[in-house]
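Please brief me on this model.

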Amino acid sequence: MTSTKRTRPTPRPTSRPASRIAVIGAGMAGIACARTLMQAGHEVQVFEKSRGAGGRMSTRHTEFGSFDHGAQYFTVRDARFQQALNTSPTRVAAWRANTISVQDSTGRVVVAAKPQQHEHYVATPGMNALVRHWAEPTALHLDTLVELIEPDRLNASRWQLQTSGLGDSRQVHAGFDAVLLALPATQALALLRASGQLPKVQERIAQTEVAPCWTLMLAFPQAVRGAAFGPHWQAARSAHHRISWLARETSKPGREAIERWTVQASPEWSKRHIEDNAERVKAKLLRGFTEITGIRAAPPYAEVHRWLYAQTVTPLGQSHVWDAKQGLGLCGDWCLGHRVEDAFVSGLELALTVA
Ligand SMILES: Cc1cc2nc3c(=O)[nH]c(=O)nc-3n(C[C@H](O)[C@H](O)[C@H](O)COP(=O)(O)OP(=O)(O)OC[C@H]3O[C@@H](n4cnc5c(N)ncnc54)[C@H](O)[C@@H]3O)c2cc1C
């Protein structure tokens, strides 16, 4: 079944509608793209390497409650995003956090109120709930890593995907008129390179830049509900030398009551410490957390997560890529920026172009 040939397939006639479409990646971009194509009448299959849809809009479940350890909230500037959200009112809620900014340029922590420029929204009951809900009608292959895109053995005008899954099970999924990559830039580039496709696009993706992020999750079940524990604020943008963001999970609508915090290291610090031992990172971020919040209690739950591709620094500068001749396209937040809504708009624009 395995092919080592990296030739391009015969270009398919541009007049024929691409009706059988593979979308790789079930984050916001991939699912926004897939549902739009399905609404336009196409047959869509989505391939996702993880156990569930959501991508970086992720939720970690623990015995003390859940953590949004990826995207913290999202904003809505695009009317089409608003329209899509209106279809799922039970999965979205406004998060009116009392957010402050924290500065410590002199080594001293100073806090100042920071008015929100745009309304903040979260998915409920956890950040992954919205994409998972939107993914429900799609034909979704979970635990399925796409390793190669290649010409279909039986019909050279179509594509097939080589995938690996649980227990290293290998499969070939064939017969696609189009393949759309809805992956972080680095992973999209790796897949295109492995498949020997779109060399010019590869060069452009290589110029985009994405920063990593170490994330710390803390639970304090010893805090009694209603009693004062920690600072009066619920979220903070921080200029602390290690930490750029902190949020009290309990302040988000629809979350469990146990006191929990999510803390993000700054992109610069994360980059410098990307290969550090997780225990060391945890200890350093916990110290920063104490300096900022004044919370000295030992958390019975403290875990870190390393995001290698967290937030775009240099985007592509266009909403998506679509090569109609080849039937290959790309979307993802990195095309436009670093936000959930960029991912949505990118996926939507690609689907509208392909449809
Ligand atoms: C720590 C952190 C904090 C953030 N904070 C915010 C915030 O507060 N507000 C905001 O708007 N945005 C925030 N973001 C950014 C936001 O999460 C992203 O912009 C958005 O979720 C990206 O969606 P996407 O669909 O483009 O990519 P992703 O969500 O990364 O989806 C890509 C999917 O592809 C899958 N995949 C990868 N390779 C393969 C393969 N070969 N085969 C099959 N599947 C594959 C992945 O498992 C993933 O599910 C944050 C991100 C991080 C990591």
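By class, the ligand shell holds 20 nonpolar, 13 polar and 6 charged residues. Here Ala, Val, Leu, Ile, Met, Phe, Trp, Tyr, Cys and Pro count as nonpolar; Asp, Glu, Lys and Arg are charged; the others, Gly among them, are polar. The model is predicted: local features need pLDDT of at least 70, side-chain atom pairs count only at pLDDT 80 or more, and totals for chains, interfaces and linings use all residues. Residues are numbered from 1 along each chain as its sequence is written.

**Ligand shell**
- The ligand is surrounded by 39 residues, each with its C-beta atom, placed from the backbone, within 6 Å.
- Gly 25, Gly 27, Gly 55, Arg 56 and Asp 333 are the closest.
- Elements giving two or more residues to the shell include α1 (28-39), β10 (145-151) and α9 (340-354).
- Helices (H or I, at least four residues) and strands (E, at least two) are DSSP runs, numbered from the N terminus.

**Sheet**
- An open, antiparallel sheet of 3 strands runs in the order β10-β11-β12.
- Strands pair if DSSP finds at least two bridges between them.
- β10 and β12 (170-176) are the edge strands, each pairing on one side only.
- β10 and β11 (residues 159-164) are joined by 6 bridges.
- Val 146 has Thr 163 of β11 as its bridge partner.

**Confidence**
- Mean pLDDT (the predictor's confidence in each residue, from 0 to 100) is 91 for the protein chain.
- In that chain, 90% of residues reach 70 or more.
- Residues 1-8 stay under 50.
- Residues 10-16 are also below 50 in pLDDT.

Conventions: Contact = placed C-beta atoms within 7 Å.
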